[in-house]
Amino acid sequence: MSNQDPTPNATDTPLMQVKGLIREFKAGEQTIRVLHDIDLSIHQGEMVAIIGQSGSGKSTLMNILGCLDQATAGDYKIFGQSVSRLDADELAKLRREHFGFIFQRYHLLGDINARDNVSVPAVYAGMDGQARSERAEKLLSDLGLGDKVNNRPSQLSGGQQQRVSIARALMNGGDIILADEPTGALDSKSGEDVVQILKDLNAQGHTIIMVTHDPSLAAQAERVIEIKDGHIIADYKNDDYQHAEAQPAAVIDKHRKSAFSSFIDRLFEAFKMSLLAMRAHKMRTLLTMLGIIIGIASVVSVVGLGKGSQEQILSNISSLGTNTITVTDGYPYGDPRRQYNDYNLTPQDAQAVANQPYVVSVSPQLNSNMNVRYRNIQEAASISGVGKDYLDVSGEKLALGQGFDEQSILRRTQDIIIDDNANKTFFPDNASPIGEVLLIGSVPGRVIGVLEPNDGGFRRSVDSPTLYMPYTTMMSRLIGSAYIESFVALIDNNISSAAAEAAISELMIGRHGTDDFRIRNSDSIRQTIEATTATMTLLISSIAIISLIVGGIGVMNIMLVSVTERTNEIGVRMAVGARQSDIMQQFLIEAVLVCILGGLLGIGLAFAIGEIINRVGGDSFQVIYSPTSIIAAFLCSTLIGVVFGFLPARNAAKLDPVEALSRD
Ligand SMILES: Nc1ncnc2c1ncn2[C@@H]1O[C@H](COP(=O)(O)OP(=O)(O)OP(=O)(O)O)[C@@H](O)[C@H]1O
Ligand SMILES: [Mg+2]
């Protein structure tokens with residue numbers, strides 16, 4: 001802009017120059033021409049009064065001069081630059097840095113105090129916060145409002161409000177002050193005061209353009225322009241008037257902050273305004289948030305419930321011994337070396353695996369089929385040699401008696417445990433077979449335990465009677481072998497079976513020098529359960545997500561209402577130089593804030609629900625919250641804010657300043 005360095009003939013080059021300006025409005029099918037072919041030059045330091053009848057086009061002309069509105073045709077140059085080529089943000093910059101608007105109905109922001117109202121233009125201009133409030137307070141006290149800086153507009157009289165709006169117009173310098181009927185709403189005394197202030201400002205070098213109905217006020221101006229039906233019908237000078245020779249001091253350049261810190265500042269101000277707006281409409285904000293609260297709470301609780309039930313089912317399964325890895329002697333199927341197979345899996349291999357930290361217990365195993373006799377009952381039965389931890393590993397439970405212990409294995413006792421089938425087969429009438437002796441082949445075995453009936457669930461279900469004896473006994477007394485057929489390792493629940501399988505495989509290859517064994521993990525059931533609960537969680541979560549979307553649409557509706565309700569505020573902000581992005585930002589922040597707050601409340605609600613379920617469910621059932629689901633819920637609510645806040649925010653940013661200002 002060229003006005004910062006006045007040239008010797010600065011007063012000869014008009015500050016504002018209008019040539020052949022036409023303004024038309026569309027009214028339905030018709031276009032109404034409100035300004036006809038206006039030619040006008042206004043110089044720096046002039047004080048101009050525009051008079052004319054109501055509807056003659058005064059405000060329309062003012063709005064065009066103040067870059068709030070654009071001409072339909074014709075040229076308007078300010079500082080020698082044609083405004084028709086400027087975009088919305090460049091026009092906003094002009095308004096912000098050079099114009100100060102004073103309106104008939106003050107147009108102050110109702111939620112904030114006088115100081116903050118005066119500061120608004122400087123926020124958008126990027127003035128340092130400290131300098132900003134100092135200057136605002138100085139301007140207010142210069143206008144006799146030093147003791148009212150903390151009053152909100154509703155706590156001020158009309159004349160005082162108008163003085164606040166004058167201070168606001170001066171905040172960024174206000175080289176050119178545009179006052180549209182500044183005294184219109186005031187009593188004559190206050191009106192006189194306002195005109196006097198404007199005259200004083202003019203003496204300091206501010207260019208003043210004032211619209212008025214009052215001929216006595218107009219007579220006090222340096223120059224009077226009269227408009228009738230969109231034509232200038234008179235333009236004369238008041239010769240007594242002392243023309244201002246001073247230049248208004250540049251304000252904003254002295255205090256301008258870096259673009260980045262100014263951006264942060266504006267963000268913070270927008271944040272503050274959003275909080276104020278939310279506080280002003282507490283009930284509405286809460287109702288808006290309800291959808292988000294319910295959505296987030298259900299997502300988080302459903303995931304927590306899913307995880308809890310999954311964990312519970314898995315712990316049930318684990319107690320059935322399903323988290324096991326079985327290592328079986330012999331080359332893998334399909335391996336050409338299988339034909340050279342011989343036995344080489346030893347109890348020491350099983351022990352080595354048992355020593356691993358991720359292994360809970362191990363049971364070696366070897367199997368055979370033999371004839372078993374008890375008195376006159378003879379039947380073929382499966383015989384399994386097992387370790388002391390067999391019950392742990394298999395998840396089988398004793399109905400009667402006891403299991404094997406260290407000594408049974410070491411001393412190769414001839415104790416046996418029989419399953420329910422064997423119990424029914426050999427002891428049909430006997431209440432307790434404990435202590436009875438069976439003949440396995442030719443080897444006697446004393447029954448020390450009876451297993452519970454097999455429920456056919458996840459366990460192996462066999463029809464033939466099965467007898468268990470210590471594997472050492474079976475190796476030495478029954479088969480005469482130094483090898484075992486397989487062993488089953490129960491894996492720590494916190495370890496992934498795949499990782500455990502890989503580790504055991506590596507250990508075994510280390511011991512044998514080759515993979516002359518087969519390894520299989522029985523994690524498939526676990527995986528199935530995990531997949532099932534994951535599917536359930538996904539299913540319910542998608543329902544919850546639908547409710548989130550519905551909640552988001554609620555937020556959007558309310559934001560649209562909020563934009564409509566605050567159209568006037570938006571107009572004021574635009575008039576003092578807010579960029580479109582500033583307006584957009586403010587409403588986006590508000591939407592995001594509503595959603596984030598709703599999200600946090602939703603997470604809190606989910607915890608409360610979980611606490612209740614945990615209390616009711618006792619030890620048997622726990623809701624388990626995953627941090628991932630909480631973070632996801634939080635991000636989700638933010639995203640909803642952005643997505644559903646976007647449309648209303650954009651609507652707000654695209655508003656036409658003049659139209660916005662004229663709404664209440
Ligand atoms: N957005 C618009 N659409 C259609 N017509 C409009 C619009 N704005 C203004 N007009 C018309 O333009 C004419 C001039 O309006 P303007 O507000 O400039 O008058 P004014 O001289 O400021 O009147 P007053 O003294 O009552 O404020 C009026 O007839 C009005 O109806
Ligand atoms: Mg008007």
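## Terms and basis

Helices (H or I, at least four residues) and strands (E, at least two) are DSSP runs, numbered from the N terminus. Two strands pair if DSSP finds at least two bridges between them.

This is a predicted model, in which local features need pLDDT of at least 70 and side-chain atom pairs count only at pLDDT 80 or more, while totals for chains, interfaces and linings use all residues. Residues are numbered from 1 along each chain as its sequence is written, chains are lettered from A and ligands numbered from 1 in the order in which they are written, and side-chain values use heavy atoms, with hydrogens and water left out.

## Paired strands

Strand β12 (residues 359-374) and strand β13 (residues 377-386) are antiparallel partners joined by ten bridges. In this pairing, methionine 370 faces alanine 381 of β13. The two strands make a hairpin with two residues between them, and arginine 375 in the turn has a positive phi of about 50°.

β13 also runs parallel to strand β18 (residues 466-470), to which five bridges join it. Here isoleucine 383 is placed opposite leucine 467 in β18.

## The site of ligand 1

The shell of ligand 1 (residues with a heavy atom within 4 Å of it) includes Phe25, Val34, Gln53, Glu181 and His213. Helix α1 (residues 58-65) provides the largest share of this shell, three residues. By class, the shell holds two nonpolar residues, eight polar and two charged; Ala, Val, Leu, Ile, Met, Phe, Trp, Tyr, Cys and Pro count as nonpolar, Asp, Glu, Lys and Arg as charged, and the others, Gly among them, as polar.

One lies 2.8 Å from a polar backbone atom of glycine 55. The side chain of lysine 58 has an N or O atom 2.6 Å from an oxygen atom of ligand 1, and a polar side-chain atom of serine 59 is 2.6 Å from a ligand oxygen. Of the 630 Å² of accessible area (Shrake-Rupley method, 1.4 Å probe) that ligand 1 has on its own, the protein covers 59%.

## The second largest pocket

A pocket is an open set of points on a 1 Å grid over the protein atoms alone, where a 1.4 Å probe fits, with protein on both sides within 12 Å along at least five of seven lines; lining residues have an atom within 4 Å of a point. The second largest pocket holds about 450 Å³ of space, a volume being the space filled by probe spheres set on the points. It is lined by 21 residues, and those closest to its centre are Pro347, Gln351, Pro364, Ile409 and Tyr471.

α11 (347-354), β12, α13 (406-410) and α15 (471-479) each contribute at least two residues to this lining, and α11 gives the most, with five.

Note on methods
A polar contact is a pair of N or O atoms within 3.5 Å; within protein, one must be able to donate a hydrogen and the other to accept it, and residues adjacent in sequence count only if both atoms are side-chain atoms.
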